Amino acid sequence: MIEIVVIVEADADFKIATKLAERVLIEHIDWLDEDQLQYQLQWCGLDGEPYSCWKNVRQIIDTLEQTTSHRPPRYLGHSRSGPLKADGAAAIESIKRGAFSSAIAQYPGCPPDSRFR
């Protein structure tokens with residue numbers, strides 16, 4: 001099963017975003033059937049919930065850092081093309097931290113890949 005991390009602002013955003021994503025996936029992937037989608041795809045948040053809220057991402061990662069021996073990835077606030085604006089920076093930081101959180105959850109005894117640092 002494929003897990004897709006969802007970070008939104010509210011419950012309504014979660015419902016809209018996931019339904020839209022499912023529709024796009026079904027339209028563009030020939031072998032993907034709507035009846036089988038529930039067995040092939042799972043929406044999840046960073047903390048085991050169906051989704052995470054933007055405002056809670058830092059708290060979730062801080063809790064994860066305190067309960068494991070791993071440090072979360074550093075984020076420098078820019079990309080290859082230069083500094084990012086606030087929304088872009090928050091999105092990139094959440095993606096990196098989400099990948100870190102997912103790696104820790106799946107493989108608790110292994111150190112996360114260095115690409116997340």
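Figure 1. Asp11 is partly exposed, at a relative accessible area of 35%. Here buried means under 20% relative accessible area, exposed over 50%, and partly exposed in between (1.4 Å probe, protein chains only). Asp11 forms a salt bridge with Lys15, and their closest N and O atoms are 3.2 Å apart. A salt bridge is a side-chain nitrogen of Lys or Arg within 4 Å of a carboxyl oxygen of Asp or Glu. Asp11 and Lys15 are four residues apart in helix H1 (residues 11-28), so about one helical turn separates them. Helices (H or I, at least four residues) and strands (E, at least two) are DSSP runs, numbered from the N terminus. This is a predicted model, in which local features need pLDDT of at least 70 and side-chain atom pairs count only at pLDDT 80 or more, while totals for chains, interfaces and linings use all residues. Residues are numbered from 1 along each chain as its sequence is written, and side-chain values use heavy atoms, with hydrogens and water left out.

**Figure 2. Glu22 and Lys19 in helix H1.** A search of the whole structure finds two salt bridges. One of them joins Glu22 to Lys19, with the closest N and O atoms 3.9 Å apart. Both residues lie in H1, three residues apart, about one turn of the helix. Glu22 counts as buried, at 19% relative accessibility. Lys19 is exposed, with a relative accessible area of 56%. Setting aside neighbours within four places in sequence, Glu22 is in contact with Leu37, Leu41 and Trp43. Contact means heavy atoms within 4.5 Å.

**Figure 3. Nonpolar cores.** The largest nonpolar core has seven residues: Val6, Val8, Phe14, Leu32, Leu37, Leu41 and Trp43. Apart from it lies another core, of five residues, including Ile7, Val57, Ile60 and Ile61. A nonpolar core is a set of buried Ala, Val, Leu, Ile, Met, Phe, Trp, Tyr and Cys residues joined through side-chain atoms within 4.5 Å. Phe14 touches Val6, Val8, Trp43, Pro50 and Tyr51, not counting residues up to four places away in sequence.

Figure 4. Val57, Ile60, Ile61 and Leu64 are buried in helix H3 (residues 57-67). They cover an arc of only 95° around the axis, so they sit on the same side of H3. The arc is that of the directions from the helix axis to the C-beta atoms. Gln59 and Gln66 are exposed on the other side of H3.

**Figure 5. Ser52 in strand E4.** Ser52 lies in strand E4 (residues 52-53). Ser52 is buried, with a relative accessible area of 2%. Leaving aside neighbours within four places in sequence, Ser52 is in contact with Val6, Ile7, Val8, Gly45, Leu46, Asp47 and Ile60.

**Figure 6. Confidence along the chain.** The protein has four helices and six strands. The mean pLDDT of the protein is 75, and 67% of its residues reach 70 or more. pLDDT is the predictor's confidence in each residue, from 0 to 100. Among the elements, H1 has the highest mean pLDDT (92) and strand E5 (residues 78-79) the lowest (62). Over residues 110-117, pLDDT stays under 50. For that stretch, the model has 16 contacts beyond four places in sequence.
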